[in-house]
Amino acid sequence: VRFHKDHTWKGMTSAAVIFEYNDRFVLAEPLAFELYRRAGNAACETDFVRLSMNGHVLGYHLVVEQVNGAFLRRNHLDPAGDLYKILWYRSGIEGQHEKQNHPDHSYAALIKLISLLESTKGDEQWAVIQKNFNVEQVINYFAVNLVLSHWDGFFNNYFTFHDREQGGKWELYPWDQDKTWGFHDASG
């Protein structure tokens, strides 16, 4: 759902209305995003709506804020930075990092970062990480992933952001938190 920029809903310019096929996901996602926020990370706002059509109640649905320019501004991040959605099912750096804004910006900074990480080890690699990542934010992101048992969030279901102005640091933001709190596709 897209909202007019002058008529946002709780500061959101767009949101996903999700019918969760498993009742536990309706609570798992908002609770997971809340845990990320409590750990100091930017995370999507959520809410619940009761939908009806022609007088027939369709049930409760989950509303999840979209990670976009409004999300960046709400979290005091510079929308001039590059935002990418990580996609496990595509190949190559550009295929697995779907641009969410600034289609005119190249992938050069991302390609350079990956090359530096792949070509260094030990203390040299740690120096690359400290120079290029908001280390505390990234550590918090992965720590919350571990606490949530979010197996689907290490290679997928997150956004990465490159702040091009404020020191050029990279950060990670969660997405699609249904497979958290111990649930995985093989669960009964």
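Q: Where is Phe-133 found?
A: Phe-133 sits in the loop between H5 and helix H6 (135-148). Helices (H or I, at least four residues) and strands (E, at least two) are DSSP runs, numbered from the N terminus. This is a predicted model: local features need pLDDT of at least 70, side-chain atom pairs count only at pLDDT 80 or more, and totals for chains, interfaces and linings use all residues. Residues are numbered from 1 along each chain as its sequence is written, and side-chain values use heavy atoms, with hydrogens and water left out.

Q: What is the average pLDDT of the chain?
A: The average is 90, and 99% of the residues score at least 70; pLDDT is the predictor's confidence in each residue, from 0 to 100.

Q: Back to Phe-133: buried or exposed?
A: Phe-133 counts as buried because its relative accessibility is 15%. Buried means under 20% relative accessible area, exposed over 50%, partly exposed in between (1.4 Å probe, protein chains only).

Q: Which residues is Phe-133 in contact with?
A: Leaving aside neighbours within four places in sequence, they are Leu-113, Leu-117, Val-138, Lys-169 and Trp-170. Contact means heavy atoms within 4.5 Å.

Q: New topic. What is the order of the strands in the open sheet?
A: The four strands go S5-S4-S6-S7, with antiparallel pairing. Two strands pair if DSSP finds at least two bridges between them.

Q: Which strands stand at the edges?
A: Strand S5 (97-99) and strand S7 (170-174) do; each has a single partner strand, so one side of each has no neighbour in the sheet.

Q: How many bridges join S4 to S5?
A: Three bridges join strand S4 (residues 82-86) to S5. Tyr-84 has Lys-99 in S5 as its bridge partner.
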